[in-house]
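Dear colleague,

I am passing on the structure below, followed by an account of what was found in it. Please read the notes alongside the coordinates.

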Amino acid sequence: MANLYSDAFDMINPFVIASSPATQGARNVLKSAACRPGAIVLRNYGHGSGGGSFFHPDAEAVYKGKQAFHSHAVGNQIPDTITTLEAYCEEVRTIKAQMDGDIKLWVSIGHYSDIVKGGNWEAEWKRQAKELALAGADAFELHFNTPGVAVAKDRQFNYYQLVSSCTQMIRATVPTVPVMVKLAVESCDALTSMRHAVAAGASAVGPTARWKGFYFDLDWKTTQARPGAGYGGTQANPIVCYTVAEARSKGITIPMFAGGGVYSFDQAIRLIMAGSDLVQLGTLACSAGPQACKRLIEQVGAWMDDHGYTDIPSLKGDALKLFSMPDAFAKDRQNRLGSAYMAAQ
């Protein structure tokens with residue numbers, strides 16, 4: 001059987017249940033742990049637990065890998081019962097005491113709303129890092145992927161400076177704990193963001209696709225509106241794959257935990273073959289639950305067995321041969337494919 005062990009942070013497999021309503025608080029984290037991922041990210045506290053999900057055209061299209069999009073900006077907002085750092089740390093201790101010891105627990109530090117509100121948020125983030133390290137967190141995640149961060153202040157905000165200064169700050173505060181920097185793809189250059197994070201001492205970078213979007217029914221006056229940010233879907237997968245492959249071809253060598261458009265095992269495999277060490281499962285965990293994530297992990301192993309991949313290192317980056325073909329070979333291949341398509345037509 002294929003060995004799914006990932007040497008990036010000593011994980012039993014390369015799958016990370018991403019920060020989301022599925023990881024809000026100890027109860028949800030322990031529920032999500034049933035799928036036995038390599039790591040789970042405990043969601044930030046103090047900004048709500050999110051609302052419902054909306055799939056277009058429907059959930060079946062998403063899970064079959066068809067063209068479809070997803071938004072989490074729908075439905076009643078669930079109140080966040082965790083409102084203080086002390087309570088958040090207690091959730092960490094509860095999880096560490098009850099979750100399987102071979103599953104890593106990452107925790108989110110701060111939230112972009114802290115920066116918007118102003119005040120001495122840097123000191124608060126450093127306080128969180130110190131206390132969460134004492135509570136037993138295996139890694140910190142700086143969550144800069146949401147569209148609101150990348151497009152703040154009408155696209156005049158210095159996103160790259162934020163990534164750099166915050167990464168450097170947390171690394172200096174608790175240098176013994178890995179810092180995972182989750183990055184936006186929208187309204188910024190992802191490669192530039194990654195370079196800033198690497199220079200600031202990030203332990204890993206995670207390009208993740210979420211966009212601002214405005215979708216509504218034509219009879220919007222009588223149906224539920226679906227406005228706002230947080231759009232993703234199956235179409236995100238090739239975009240994130242390109243982001244990962246470009247980063248690898250341009251000299252980004254630190255571990256990556258990419259995410260976006262992963263609703264089935266083949267989409268997860270593509271991210272690894274493009275060069276990502278780890279794969280985030282966010283929407284899948286929220287919309288379909290731990291069993292769907294468990295099934296995906298098993299299907300990845302089965303596919304690797306069927307196709308001669310013995311372990312994750314043999315799979316990682318395998319498609320980069322396709323991404324970086326010599327010009328002459330690429331042109332010949334393009335012409336052959338074009339001729340075959342015309343003949344088929």
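At 0% relative accessibility, T23 counts as buried, where buried means under 20% relative accessible area, exposed means over 50% and partly exposed lies in between, with a 1.4 Å probe and protein chains only. This is a predicted model, in which local features need pLDDT of at least 70 and side-chain atom pairs count only at pLDDT 80 or more, while totals for chains, interfaces and linings use all residues. Residues are numbered from 1 along each chain as its sequence is written, and side-chain values use heavy atoms, with hydrogens and water left out.

T23 sits in the loop between β1 and α1; helices (H or I, at least four residues) and strands (E, at least two) are DSSP runs numbered from the N terminus. Leaving aside residues up to four places away in sequence, T23 is in contact (heavy atoms within 4.5 Å) with I17, A18, N28, V29, I40, V41, L42 and R43.

Helix α1 covers residues 25-32, and its buried residues are G25, A26, V29 and S32. Seen down the axis of α1, these fall within an arc of 130 degrees, so they line one face of the helix; the arc is that of the directions from the helix axis to the C-beta atoms. The face turned away from the buried side of α1 carries the exposed residues R27 and K31. The cover over the buried residues of α1 includes β1 (15-17), β2 (39-42), α3 (85-98), β5 (104-108) and α13 (290-306).

As for the protein as a whole, it has 16 helices and 11 strands. Its radius of gyration is 20 Å, close to the 20 Å that the globule rule gives for 345 residues, so the protein is as compact as a globular protein of that length; the radius is taken over C-alpha atoms, and the rule is 2.2 Å times the number of residues to the power 0.38. The C-alpha trace spans about 65 × 50 × 40 Å along its principal axes, and 51% of the 345 residues count as buried.

Best regards
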